[in-house]
Amino acid sequence: MKARVAVLPGDGIGPEVIEAALPVLGAGHSLVTIEAGAERYLATGELLTEADMEAISESDALLMGAVGDPRVPDGILERGIVIRLRQELDLYVNLRPFRELGLLFVRENTEGPYSGEGGRDGDRAIEVNVNTRRSVERCLRYAFEVAQARSARLTLVHKTNVLVHAGALWREITDELAAEFPGVPVGYEHADAAAYHLVTEPGRFDVIVTDNLFGDLLSDLAAGLGGGLGRAASANLHPDPITRPTRCLGLFEPVHGTAPDIAGRGLADPSAAITAAHMLLDALSQEPATT
Ligand code: IPM
Ligand code: MG
């Protein structure tokens with residue numbers, strides 16, 4: 001299949017790991033490079049331009065290195081590029097496989113404390129943890145489908161003993177879906193206990209489904225257990241072609257950041273970017289054929 005792939009190398013070690021990953025895509029695809037990142041932001045103040053958004057929206061998928069730079073205040077590149085792409089392309093599932101551990105994370109990818117709602121009023125700072133039935137349900141449904149396809153156990157990870165409002169919604173929808181997927185064994189762990197058990201007994205988990213922030217934290221922990229951050233890759237997906245807002249089915253990226261301390265020295269491990277490129281090809285090949 002000949003696909004249109006947008007490539008956003010980004011900052012730090014991003015360009016070198018992406019260069020190593022491009023041969024995986026093979027010949028025959030048309031590639032378009034997106035120059036977003038710290039250098040352009042520092043030179044022009046631009047994060048994602050309209051032309052960038054158009055090129056990405058008209059691509060089948062986006063392969064990305066990493067963005068972030070010590071010269072740019074925290075959050076500008078992350079929110080202005082990565083989180084914006086996840087939200088605008090509505091990439092509601094963040095899939096993070098850890099093959100060494102036989103573990104797959106299904107992380108909700110558009111809401112939770114990443115919603116962007118909140119603000120600062122002097123000494124009071126509020127970060128709103130948004131959870132809507134629509135986003136929670138579609139993420140959970142995807143997790144149930146994946147668990148069913150793999151004959152795997154599904155563990156919901158949350159913090160229902162403290163985050164009682166969000167927690168109740170996640171549990172309620174999990175229970176509803178459990179009735180629809182009677183073949184999938186379902187468990188629950190609080191996020192702190194799951195962190196402990198990931199270290200002491202990772203074999204107890206197959207598929208973990210969780211919210212955006214817990215998924216962020218626990219997937220780095222899993223990367224530390226299973227081969228290091230240099231190896232972990234992720235797929236940010238809008239799996240359903242019917243509801244997908246643009247042509248782009250997903251953003252594929254290493255879990256690691258830009259590692260500016262080793263950038264340009266030939267020290268970066270490109271394994272994660274290479275795995276991300278394989279995940280991109282896999283996702284493209286699973287798309288229903290269009291005529
Ligand atoms: C990740 C990263 C991002 C996140 C950052 C770069 C916004 O840590 O993909 O895990 O927090 O989701
Ligand atoms: Mg992270």
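The shell around ligand 1 in this predicted model holds six charged residues, one nonpolar residue and no polar ones. Here Asp, Glu, Lys and Arg count as charged; Ala, Val, Leu, Ile, Met, Phe, Trp, Tyr, Cys and Pro count as nonpolar; the others, Gly among them, count as polar. The shell consists of Glu78, Arg86, Arg96, Arg107, Tyr114, Asp216 and Glu253, each with a heavy atom within 4 Å of the ligand.

Arginine 86 places a side-chain N or O atom 2.7 Å from an oxygen atom of ligand 1. For arginine 96, the corresponding distance to an oxygen atom of ligand 1 is 2.7 Å. Tyrosine 114 has a polar side-chain atom 2.6 Å from a ligand oxygen. Alone, ligand 1 exposes 320 Å², of which the protein buries 77% (Shrake-Rupley method, 1.4 Å probe).

Asparagine 94 lies in strand β4, residues 93–98 (a strand is a DSSP run of E, at least two residues, numbered from the N terminus). Its relative accessible area is 0%, so asparagine 94 is buried (under 20%, 1.4 Å probe, protein chains only). The side chain of asparagine 94 forms a polar contact of 3.1 Å with that of arginine 96. Another, of 3.2 Å, links the side chains of asparagine 94 and asparagine 236. A polar contact is a pair of N or O atoms within 3.5 Å; within protein, one must be able to donate a hydrogen and the other to accept it, and residues adjacent in sequence count only if both atoms are side-chain atoms.

Residues are numbered from 1 along each chain as its sequence is written, chains are lettered from A and ligands numbered from 1 in written order, and side-chain values use heavy atoms, without hydrogens and water. Local features need pLDDT of at least 70, side-chain atom pairs count only at pLDDT 80 or more, and totals for chains, interfaces and linings use all residues.

Definitions and conventions. Helices (H or I, at least four residues) and strands (E, at least two) are DSSP runs, numbered from the N terminus. Buried means under 20% relative accessible area, exposed over 50%, partly exposed in between (1.4 Å probe, protein chains only).
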